[in-house]
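Subject: Structure for your files

Dear colleague,

Here is the structure you will be working with. Please open it first; my notes follow below.

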Amino acid sequence: MKNLIYSLGFLLLCGWTPVQAQEFKLNPTSGYFQNKGVDVMAFDDIYPEGHQSGVSLLMHGNRVATNGDLRFEPTPGQWQPVPVQRERTPDAATNTITTALSFPDSSRHLKGFNPMIYPDFQFNYTVTVRGEGDAVVVTVDLDRPVPPEFAGKLGFNFELFPGALFGKPWIMDNQQGIFPPQPNGPTLSQPANYPHSGHFNPHPLTDAEHLSGHGQGYNPILADDIVAEPYAVGKRFTVRPDDPYNKFTIETQGAELKLYDGRMNHNNGWFVVRSEVPAGATRGAIRWIIRPHVVNDWLYPAVIQTSQLGYHPNQPKVAIIELDKRDFKREKPSLYRITEEGEKEVNVADGQEWGQFLRYNYLRFDFTGVKEEGLYQVHYGKSVSSVFRIAGDVYERGAWQPVLEYFLPVQMCHMRVNEKYRVWHDLCHEDDARMAPVNCNHIDGYSQGPSTLTKFEPGEVVPGINIGGWHDAGDFDLRVESQAGESYILALAYEAFQVDYDATSIDQTKRVTEIHQPDGKADLLQQVENGALSVVGAYRALGRLYRGIICNDLRQYVLLGDAGAMTDGLVGNADDRWVFTESNPMHELTTAAQLAAVSRVLKGFNDTLSAQSLEAAREIYQVTEVSNPFFKSAKIHAATELFLTTGEKEYKDFLLSETGFIVQSIARIGWFIARAEKAMNDSRFTQAIREALPGLHTQLEKQASETPYGIPYRPRIWGAGWDIQELGYHYYFLHKAYPDVFPPDMVYNALNFILGCHPGSNTASFASGVGTRSATVGYGLNRADWSYIPGGVVSGTALIRPDFPELLEFPYLWQQVEYVMGGGSSHYMFLVLAARQLLSDTY
């Protein structure tokens, strides 16, 4: 016995660990099932239309399947009905998670941001997930059987991430196959749910007939009339039998399994494994056994996160090392310089323990003292970072310029955009726009009230608004906040950095833009002008601001490719886009502030548009009523920019009269009031602001300490990259005005986060085409080609609740890889220019 103990101790010292039983146990801290490197989550997340909800499976560092739940379609898309989650009950004692849900969610039936059409079947159900040894068992119980009209329509779906499966094998009973890179026929026609729609809202604001395309051809809201024939049908399905890290099996103890390809009727669909609820079934209607393969000795490999672009010699330089929280072994991180002769170690040190954030532990490796220019790479154990530069000119070329050279020109509306041999898109939306219908709850958050608020009748052509603007994301709409907001950020960038870069020809008369064809004009000012042409032009035509311009039906909305194909260019017919108006003091006063700043930088470049921008800003400021404190912040913003533009006493007096509110709201207002405080030259006002700043600094320092990145990471649905950029952009103005209170670190930290120093295994730069590795699959106009727009900045690493950071290489996850206007790329460009400016003073 003694010899046995000694032998066991010797084996443990040599690194041997005893094989433990593979069991899925509900962790009461995390709230999900864990078995070494495999996790099963159940209804932690909140976004089923974005493939983030239901039962989810994470295997050895990757999310492989999700959205395990009841759905009315074999392959639902963004507009198909989703249940409402009532209650989620984890119970460690019974090793179960039980979730109560219901159909319909009446708050989304023919109303809301993206209206849905719910079938006429109201019922409650539960999904119970239980850990049983090396498997989890999923059971679905209904409170009533499925009516005959929905026989075969309701089923339990489990969605498989397609980006990791193309060219990989599967087995269903005695059948086998390969997941194809494109959906393959034949198709299957079946009765749609639409004729059996429910009546869950007595006064629906959405026209169901218009939303469904009046039954004329394909429409993405009808996702069940034509689907792909299942690739296979059976009782036992195995995914990736060739790969122990991604292999899992689903076995049904009831209704058979069917493997569908969701891309047949939605380009952004996933593969789906589905069991239909049998006729008459209630309790135990669905029972699946999911058995993932668990690799016993697997640990999450160390991930080294650095800026993919690199660092200025005088910039703080910290690599973040992300570790499995079960990994207690520590290596020494080291920095290598890459030369013609090979690698040379230049710095090695113990990593600074930061602690746990989300599901990982973190080390910080500070190499700020390394200033010699060259190529570098960080090593930690067997892991290496991407190669990056340390150089005084690191921000001088290919850093901020792609935003101006590519992204902003490509996004321009009412324009043909050429790049030498390439046409990014043809002349588009010449037929803008007709007045939207009243009492209309449209798609993507657009809504028109009981009046058009203008002299134009519903359906009437509004002249003069088919000029300027940028397509917002891949949706091609023009929202007032994205158009005015984009111009504003660019205007402040021009004021702060005086960038006269010219690589593009823009002809607003001929409606042609030529990328990499200089025209002797500052590209930044031309882009400021482009946004103002849309916002001011619409203001003068309508007599008020627009809410935005958007296509009028869902088939147009999902267009992939050339924006010029959306409408026929003929004014006044059924395919014209609609222009919406609204009464929204927040939007109106914020736009007034933005136009006031735009007028400053356009003076001397386009004097007419400059004067019109200022006139609109003044008028909006005068007529907009303020009824609550939230709107008052926007009023102060408008007064600040109008004062900076005009120097007039009216605006200064208003700001002075609101000193108390400004001080109380310094966290929200400080960044823009900082630019006006000294110009106001009022000692009492200055003193009041100064006394509020230490508290704001403490608040920001506390936020920065939440993560190892020195910047807060608080995503909801979308990745937090855009919010982090905006925080850095705001912080720059605080630093410039009060450098004694606000050191520049948060500017650099925000920039490094975007450029690759962010959580998760994908350390790509969010700025497409910038850095060694970047997001080269983006949710833009060319997403169907798995491509990108240089200078576009994606939303970035999202949080799969409760604790899994994820950035997938997949062009249809808007919450991770979407491009947008109104800050998505321009805030990034601003941060690079800010770092460049701050560091140039020290080099």
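What share of the 843 residues of the protein chain counts as buried? The figure is 61%, where buried means under 20% relative accessible area, exposed over 50%, and partly exposed in between (1.4 Å probe, protein chains only).

Before the rest, some conditions. This is a predicted model, in which local features need pLDDT of at least 70 and side-chain atom pairs count only at pLDDT 80 or more, while totals for chains, interfaces and linings use all residues. Residues are numbered from 1 along each chain as its sequence is written, and side-chain values use heavy atoms, with hydrogens and water left out.

Overall fold

The protein chain has 17 helices and 42 strands; these are DSSP runs numbered from the N terminus, with helices being H or I of at least four residues and strands E of at least two. Its radius of gyration is 28 Å, close to the 28 Å that the globule rule gives for 843 residues, so the chain is as compact as a globular protein of that length. That radius is taken over C-alpha atoms, and the rule is 2.2 Å times the number of residues to the power 0.38. Along the principal axes, the C-alpha atoms fill a box of roughly 85 × 70 × 55 Å. Of the contacts between residues at least 6 apart in sequence, 69% join residues at least 24 apart (contact means heavy atoms within 4.5 Å).

Salt bridges

The whole structure contains 42 salt bridges, each being a side-chain nitrogen of Lys or Arg within 4 Å of a carboxyl oxygen of Asp or Glu. One of them joins Glu 806 to Arg 63, at 2.7 Å from N to O. Glu 806 lies in strand β42 (residues 804-806) and Arg 63 in strand β5 (residues 62-71), so this pair ties together parts that are 743 residues apart in sequence. Both partners are buried: Glu 806 has 3% relative accessibility and Arg 63 has 5%.

A second pair is Lys 332 with Asp 350, at 3.8 Å from N to O. Lys 332 is in the loop between β23 (318-324) and β24 (334-339), and Asp 350 is in the loop between β25 (342-348) and β26 (352-357), so the bridge ties together parts that are 18 residues apart in sequence. Asp 350 is exposed, at 57% relative accessibility.

Glu 615 and Arg 540 also form a salt bridge, with their closest N and O atoms 3.5 Å apart. Here helix α8 (residues 607-623) carries Glu 615 and helix α5 (residues 523-542) carries Arg 540, so the pair ties together parts 75 residues apart in sequence. Glu 615 is partly exposed at 39%, as is Arg 540 at 49%.

Finally, a network of salt bridges links Asp 444, Asp 472, Asp 477 and Arg 479.

Cavities

There are four cavities of 30 Å³ or more. A cavity is a set of points, on a 1 Å grid over the protein atoms alone, where a 1.4 Å probe fits but cannot get out; lining residues have an atom within 4 Å of a point. Grid points are joined across faces, edges and corners, and a volume is the space filled by probe spheres set on the points.

The largest cavity has a volume of about 130 Å³. Its lining has 15 residues, with Glu 73, Ile 117, Asn 193, Tyr 194 and Ile 221 nearest the centre.

Regards

Conventions: 1 Å grid on protein atoms, 1.4 Å probe; cavity = no way out; pocket = protein on both sides within 12 Å on 5 of 7 lines; lining within 4 Å.
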